[in-house]
Amino acid sequence: MRLVFFNHKGGVSKTTTTFHLGWKLAQRGSRVLLVDADPQCNLTGLIMRDTFEEYYINEPTNLRNIMQGVNAAFQGRPEPIHAFECYSIEQNPNLFLLPGHPNLTELEPALSFSQTSNNAFATMQNLPGAFNALIEKICAENNIDYVLTDLNPGLSAINQNFFSISDLFIIPTNPDPFSLMAVNTLAEVLPRWYNNAKQM
């Protein structure tokens, strides 16, 4: 089962909720993959702590993140997307992390074009399925029961893509006027994303 945590507003505990729910599910015996699809990489930093910078600098871990996982498709290289060893949490062996990447937004223009254009170039037609393929392969490799994805607070093509490949979504929020405005915005945006997903 795949869940996304999303709100069109920052500071509403999306990352914290993703982490704690994933931790408890794993603690209860489920195998859980946490996906950091936010370029701020807060979920990745929360889990890795002091080893965060080292992970992105040293080989081979510097290639084991969400952006590098789909890079072949976005670069138009004739290579299949494949699973790689995800970051494992020593204190909770059923919990895995697909780390984020601060340059993930570089993929936005190509993904947006491929998701909205009926006549996308042949090399771009596979882009909407790239994240799904990566997650499917990692799940199969690690016998994952739940995928919990932390998204950034924007109405971006990447967020739309993750919303479309998920089973459920959770909207963490606060009892304040700006959060209410964000929920009202999502009430208009999410049905549109759903209809686009069906067309894709």
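# A Guided Tour from Cysteines to Core

Select C139 to begin: its sulfur lies 8.7 Å from the closest cysteine sulfur, in C86, which is too far for a bond. A disulfide is a pair of cysteine sulfur atoms within 2.5 Å. C139 is buried, with a relative accessible area of 14%; buried means under 20% relative accessible area, exposed over 50%, and partly exposed in between (1.4 Å probe, protein chains only).

The structure on screen is a predicted model, in which local features need pLDDT of at least 70 and side-chain atom pairs count only at pLDDT 80 or more, while totals for chains, interfaces and linings use all residues. Residues are numbered from 1 along each chain as its sequence is written, and side-chain values use heavy atoms, with hydrogens and water left out.

Next, select C41. The closest cysteine sulfur to that of C41 is again in C86, 14 Å away and too far for a bond. C41 is buried, at 3% relative accessibility. The count of disulfides comes to zero.

Now display L33, L98, F131 and F162. Among the 37 residues of the largest nonpolar core, these four touch the most other members. A nonpolar core is a set of buried Ala, Val, Leu, Ile, Met, Phe, Trp, Tyr and Cys residues joined through side-chain atoms within 4.5 Å. At least two residues of this core come from each of β2 (32-37), α4 (66-74), β4 (95-98), α6 (130-142), β5 (146-151), α7 (157-164) and α8 (177-199). Helices (H or I, at least four residues) and strands (E, at least two) are DSSP runs, numbered from the N terminus. Which helix gives the most to this core? It is α6, with six residues. In soluble globular proteins, nonpolar side chains tend to be buried together.

Then centre the view on L98. Leaving aside neighbours within four places in sequence, L98 is in contact (heavy atoms within 4.5 Å) with several residues, including L33, F84, C86, L134 and I138.

Finally, turn to the aromatic rings. Rings of Phe, Tyr and Trp (its six-membered ring) pair if their centres lie within 6.5 Å; planes under 30 degrees apart count as stacked, over 60 as edge-to-face and the rest as tilted. Nine aromatic pairs are counted. Select Y55 and Y56: their ring centres are 5.6 Å apart and their planes stand at 70°, so the pair is edge-to-face. Y55 is buried at 7% relative accessibility, and Y56 is buried at 19%. As a last stop, select F6, F163, F169 and W193, which form one aromatic cluster.
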